[in-house]
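Trainee: I have a new model to read. Can we go through it together, step by step?
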Amino acid sequence: YQGATNELDCMKEKDAEAYYLMAVIGARTNNANMVYTNLKKAISEEPAYKAQAKDDREFLKYFGNSEFISAVQ
């Protein structure tokens, strides 16, 4: 996951997809702050990610969390 994070961090201009991938990495590495920060950025750039994140099993652990719920509503 560190290699993927480094690659995404090196991008000069991140797009919604890059932010969403960073949120997934955050979920896989148990980094809630990384999940919320990047998911909010992804959704702000591409609102369609709201619907995707609601059902994405990568975020299963966060489905009941108020910050996650507010981000995807």
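This is a predicted model: local features need pLDDT of at least 70, side-chain atom pairs count only at pLDDT 80 or more; totals for chains, interfaces and linings use all residues.

Trainee: Which residues is I43 in contact with, leaving aside neighbours within four places in sequence?
Mentor: I43 sits in helix α3. Set aside its neighbours within four places in sequence, and its contacts are Y49, K50, A71 and V72.

Trainee: Is I43 buried or exposed?
Mentor: Buried means under 20% relative accessible area. I43 has 8% relative accessibility, so I43 counts as buried.

Trainee: How far apart in space are I43 and E17?
Mentor: In sequence, I43 and E17 are 26 residues apart. In space, go from C-alpha to C-alpha: the distance is 9.5 Å.

Trainee: How are α2 and α3 arranged, roughly parallel or roughly antiparallel?
Mentor: Two packed helices are described by the angle and the distance between their axes. Here α2 covers residues 16–28 and α3 covers residues 32–45. Their axes come within 7 Å and cross at roughly 160°. Angles over 145 degrees count as roughly antiparallel, therefore α2 and α3 are roughly antiparallel.

Trainee: Is their crossing left-handed or right-handed?
Mentor: Look at how α2 and α3 cross. That crossing is left-handed.

Trainee: Which residues of α3 meet α2?
Mentor: From α2 come A16, Y19, Y20, M22, A23, I25, G26 and A27. By class, this contact of α2 with α3 has 11 nonpolar, two polar and two charged residues. The α3 side is M34, V35, N38, L39, K41, A42 and E45.

Trainee: What is the phi of N30?
Mentor: N30 lies in the loop between α2 and α3. At 52% relative accessibility, N30 counts as exposed. N30 is not a glycine, yet its phi is positive, at about 60°.

Trainee: What share of the residues is buried?
Mentor: Take the 73 residues in the protein. Buried residues make up 37%.

Conventions: Residues are numbered from 1 along each chain as its sequence is written. Side-chain values use heavy atoms; hydrogens and water are left out. Axes are lines fitted to C-alpha atoms, for helices over the stretch in contact, and angles run from 0 to 180 degrees between N-to-C directions. Helices (H or I, at least four residues) and strands (E, at least two) are DSSP runs, numbered from the N terminus. Angles under 35 degrees count as roughly parallel, over 145 as roughly antiparallel, 65 to 115 as roughly perpendicular and the rest as oblique. A crossing is left-handed if the near helix is turned anticlockwise from the far one by less than a right angle, and right-handed if clockwise. Contact means heavy atoms within 4.5 Å. Ala, Val, Leu, Ile, Met, Phe, Trp, Tyr, Cys and Pro count as nonpolar, Asp, Glu, Lys and Arg as charged, and the others, Gly among them, as polar. Buried means under 20% relative accessible area, exposed over 50%, partly exposed in between (1.4 Å probe, protein chains only).
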